[in-house]
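Thanks for making time, everyone. Let me put the model up, and then I'll walk through a few local features.

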Amino acid sequence: MATVAREDGVHSQERKPRGCEHYDRGCLLKAPCCDKLYTCRLCHDNNEDHQLDRFKVKEVQCINCEKIQHAQQTCEDCSTLFGEYYCSICHLFDKDKKQYHCENCGICRIGPKEDFFHCLKCNLCLAMNLQGKHKCIENVSRQNCPICLEDIHTSRVVAHVLPCGHLLHKTCYEEMLKEGYRCPLCMHSALDMTRYWRQLDVEVAQTPMPSEYQNMTVEILCNDCNGRSTVQFHILGMKCEICDSYNTARAGECRVSLD
């Protein structure tokens with residue numbers, strides 16, 4: 001830590017910039033894999049051909065006095081606070097974001113803790129308003145995001161739970177909605193489409209098919225309820241008779257009714 005003189009003659013400590021684009025912290029991690037110093041595991045992984053195991057970190061270097069020491073929250077020499085929040089398991093240093101360490105997830109999550117619960121089947125911390133109101137898929141968070149193909153469980157990007165139970169990064173979900181409305185894994189509607197289906201009802205009613213198609217029917221498979229039904233063919237969409245969804249696909253050839 002450098003000492004500089006102010007105009008009034010009083011000496012003060014010049015502190016170095018804290019952290020990186022990922023975290024606000026006052027130390028560098030000493031990577032146990034290569035003995036190099038990096039602000040965080042993400043900075044390490046972006047610059048090396050291997051990954052840093054956060055759980056094996058034993059030492060850190062103070063950004064001010066530069067002393068290498070055992071991983072802890074405060075510098076043992078100059079008392080620099082390495083992080084308002086510190087987890088001795090993950091070795092996560094950061095400003096206070098109401099983080100908590102989830103033993104079942106095995107990593108730290110952004111809280112507050114009382115706003116989340118850990119679903120044992122999904123193996124993921126979810127918002128309390130989803131308790132008993134989401135579809136469970138075993139170990140769903142251990143799958144990569146189907147949009148960007150990157151990890152969800154340890155990602156710093158919030159996960160969005162679809163009605164079908166599959167997960168996407170929230171940012172990927174928002175981008176997906178610009179192009180479509182269906183889960184890329186199972187084709188189930190990714191949000192409540194009821195209002196749009198009612199609008200489509202009106203459009204279908206106001207758009208009669210040409211006479212040669214008016215008696216044409218087709219078997220459809222609904223992506224939302226997985227039911228099959230035979231309905232009248234329409235170019236704008238074919239409505240499931242079971243759940244009223246237009247998220248359907250043809251499951252057979254068109255047929256002309258003789259009735």
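**The annotated span, then rings and a sheet**

Start with residues 145-186: their end C-alpha atoms lie 13 Å apart, and the span is 17% helix and 14% strand. Helices (H or I, at least four residues) and strands (E, at least two) are DSSP runs, numbered from the N terminus. UniProt lists these residues, 145-186, as "domain: RING-type", in an unreviewed entry. UniProt positions are given in the numbering used here, feature names are shortened, and annotations may be inferred rather than shown by experiment.

Some ground rules. This is a predicted model, where local features need pLDDT of at least 70 and side-chain atom pairs count only at pLDDT 80 or more, while totals for chains, interfaces and linings use all residues. Residues are numbered from 1 along each chain as its sequence is written, and side-chain values use heavy atoms, with hydrogens and water left out.

Now the rings. How many aromatic pairs does a search of the whole structure find? It finds 7. Tyr-86 and Phe-93 are stacked, because their ring centres are 4.5 Å apart and their planes sit at 20 degrees. The cut-offs: rings of Phe, Tyr and Trp (its six-membered ring) pair if their centres lie within 6.5 Å; planes under 30 degrees apart are stacked, over 60 edge-to-face, the rest tilted.

Are these two buried or exposed? Tyr-86 is buried, at 18% relative accessibility. Phe-93 is buried too, at 0%. Buried means under 20% relative accessible area, exposed over 50%, partly exposed in between (1.4 Å probe, protein chains only).

Next, Tyr-213 and Phe-233. This pair is tilted, with 6.2 Å centre to centre and 35 degrees between the planes. It links distant parts of the chain, 20 residues apart. Tyr-213 is in the loop between helix 3 (194-205) and strand 15 (216-222). Phe-233 is in the loop between strand 16 (228-232) and strand 17 (248-250). Tyr-213 is partly exposed, at 33%, whereas Phe-233 is buried, at 12%.

There is also one aromatic cluster formed by Tyr-181, Tyr-196, Trp-197 and Tyr-246.

Two strands pair if DSSP finds at least two bridges between them. Strand 3 (residues 27-30) and strand 4 run antiparallel, joined by 2 bridges. Lys-30 stands opposite Leu-37 in strand 4.
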